[in-house]
Amino acid sequence: MNRAPRIVLPNIISIIFVGLLLFYDKIMQHFLWIATTDQQEKVQLEHPDSEIGEIQQPWNIFDNILIYQGLKIGEDYVFIPLKRKEITKEEERKIKKQFDVIAEQIVNVGNKNGQLKNEIFCQLIKQTTIGEQSEKELKPTMLQETVRRGWHLIMLCCERFSPLHNFEKILLAHFDKALDVQQIQSEGLTSTMQEDISMYAVHSYNKLIMSILPRNILKVDEKTKFDIEKIRNERWNFDCELNDIMLRQSILPSPEKDFLVPSILIFLTNKIIQTDGLKTEGIFRKCVPIDEAENAIALLDLGDYNNQFFKDHDNLHLYAVLLMNWFYRLWEPIIPFKLYDDALNTVRPSGPNNDDNITKITSCQFILQHLPLTNILTLKYISRFLKYIYADENVRQNKMPLENLALIFAPNLIRQKSKDPTKMNANLHLEIAFIRTVMLELSNLPIDWEDEKFEQSQRQIYDNYCKSN
């Protein structure tokens with residue numbers, strides 16, 4: 001009877017000790033940010049040659065998101081560290097392959113399983129929302145890299161699938177927050193991260209709008225039956241080439257056939273001005289309900305600018321979203337794909353191997369010398385319009401200086417053909433710098449003959465479609 005305590009007590013202590021070890025192991029597995037550097041290096045040494053493509057076991061989709069963000073260790077994968085020392089090209093290749101394969105796994109699951117689409121977006125929203133706990137547990141640099149990777153995934157998912165209809169508003173609200181520069185600043189992110197997150201949000205929102213089909217157009221006018229194919233053949237404004245728009249416009253009656261830029265561009269900028277967009281805070285940083293954009297896009301493809309839909313809708317953010325999305329959905333961006341690298345070279349810092357004898361042209365000179373005339377005129381028009389947005393008398397109210405406008409419009413005006421997120425991210429800041437320089441320089445060119453034509457076309461569009469009765 002006296003021996004029982006001596007036997008039971010060690011067993012209890014052993015059980016508690018083993019339980020603590022298991023609990024600690026679980027914590028270290030799921031919350032990598034509190035692991036030591038030695039432990040992280042140990043994980044990498046244990047799996048130096050693992051190839052993700054060879055692994056057969058299925059992945060838990062939400063664990064994959066954490067692995068992609070560097071917040072969890074995959075059992076059979078080379079760890080993707082949040083912060084790493086100098087690495088070899090071979091190690092860099094392996095890390096890039098992991099990014100690609102993990103992202104592809106996540107996107108494919110959402111694309112093939114409708115029930116998981118909202119769950120994936122919900123998890124990504126959670127993982128890109130900065131809370132007090134994450135600020136305490138992660139160093140600032142690691143926190144920012146984690147958020148950056150999360151937004152990468154949101155952008156890639158929006159490329160392939162959309163949330164179910166009942167989740168769209170939640171996702172749009174998340175985009176709204178990402179585009180709200182003041183909100184981002186309050187969360188303590190650096191200016192570089194502000195740019196990255198806003199760019200990913202713009203890409204994601206544009207992709208979400210691009211997934212729209214004109215299925216609800218009859219809600220605009222139930223008495224009107226639209227032949228979608230006829231619309232596409234006659235007045236295709238979205239998802240086409242800029243030259244095709246101008247060619248179709250050239251056979252229309254006056255005055256549209258004489259416009260130097262697409263009439264849709266003139267109409268949308270007119271509507272922004274008419275709805276007091278020049279002075280409204282949040283211009284170009286707010287999302288709109290999908291069904292509103294859906295109806296408007298179908299009507300704009302038809303060229304039905306006089307439709308009652310536009311007379312009834314005075315939401316300036318709708319017209320701002322449509323303007324950005326129209327640029328983004330041009331098959332060939334305003335800065336053509338073949339000129340992408342040369343354009344960025346005008347703002348790329350000089351390197352030690354550069355020839356000092358080579359004269360470097362400005363971004364404006366590059367535009368005027370190398371772009372097709374229609375592209376030049378379109379860039380001039382939008383640059384002159386955006387100058388009103390960041391003018392001193394307006395920017396105090398709308399909080400959209402030139403830097404913010406360049407950030408928002410860069411992915412709509414210049415982009416590379418590659419969809420590789422690593423390559424897209426590499427030139428992010430050069431694209432913003434180029435568009436900022438182009439906007440500033442083109443808007444400050446002396447008044448020329450085309451400016452008079454711009455003003456004339458603006459008055460004609462306003463009188464025909466925007467003027468209140």
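1. Lys399 sits in the loop that runs between helix H20 (392-398) and helix H21 (402-413). In this predicted model, Lys399 has a positive phi of about 55 degrees although it is not a glycine. With a relative accessibility of 33%, Lys399 counts as partly exposed. As background for this point and the two that follow, most residues other than glycine have a negative phi, and most peptide bonds are trans.

2. Asp239 also carries a positive phi, of about 60 degrees, without being a glycine, and its place is in the loop between helix H11 (228-235) and helix H12 (242-249). Is Asp239 buried or exposed? Its relative accessible area is 15%, and because the cut-off for burial is under 20%, Asp239 counts as buried. The side chain of Asp239 is joined to that of Arg329 by a polar contact of 2.6 Å.

3. The peptide bond between Ser254 and Pro255 is cis, with omega about 5 degrees. Pro255 belongs to the loop between H12 and helix H13 (263-274), so that a reader checking backbone geometry may look there as well as at Asp239 and Lys399.

4. Regarding the overall fold, the protein has 24 helices and zero strands. Of its 469 residues, 50% are buried. When contacts between residues at least 6 apart in sequence are considered, 76% of them join residues at least 24 apart.

5. The largest nonpolar core has 119 residues, and those with the most contacts inside it are Phe175, Phe284, Leu323, Ile367, Leu379, Phe409 and Phe434. Helix H16 (residues 316-328) supplies the largest share of this core, namely ten residues. At least three residues of the core come from each of domain 1 (91-233) and domain 2 (242-349 + 359-466). In soluble globular proteins, nonpolar side chains tend to be buried together.

6. Which residues does Leu323 touch, once its neighbours within four places in sequence are left aside? Leu323 is in contact with Leu265, Leu268, Thr269 and Ile272, as well as with Phe284, Ile382, Phe385 and Phe409. Of these partners, Phe284 and Phe409 are themselves listed, like Leu323, among the residues with the most contacts inside the core.

7. In helix H18 (residues 363-370), the buried residues include Ser363, Cys364, Phe366 and Ile367. These four lie on the same side of H18, because they cover an arc of only 160 degrees around the axis. The buried residues of H18 pack against helix H17 (340-345), helix H19 (373-389) and helix H23 (428-443).

8. On confidence, the mean pLDDT of the protein is 76, and 70% of its residues reach 70 or more. Over residues 1-10 the pLDDT stays under 50, and the model has one contact beyond four places in sequence for them. Residues 213-233 likewise have a pLDDT below 50, yet this stretch has 27 contacts in the model beyond near neighbours in sequence. Where pLDDT is low, the predicted coordinates should not be read in detail.

How values were computed
Residues numbered from 1 in each chain as written. Predicted model: local features only at pLDDT ≥ 70, side-chain atom pairs only at ≥ 80, totals over all residues. Heavy atoms only, no water. Core = buried A, V, L, I, M, F, W, Y, C linked by side-chain atoms within 4.5 Å. Buried < 20%, exposed > 50% of the residue type's maximum accessible area, 1.4 Å probe, protein only. Helix = DSSP H or I, 4+ residues; strand = E, 2+ residues; numbered from the N terminus. Domains from an automatic or database assignment. Contact = heavy atoms within 4.5 Å. pLDDT = per-residue confidence, 0-100. Polar contact = N/O pair within 3.5 Å; in protein donor to acceptor, adjacent residues only side chain to side chain. Arc of directions from axis to C-beta.
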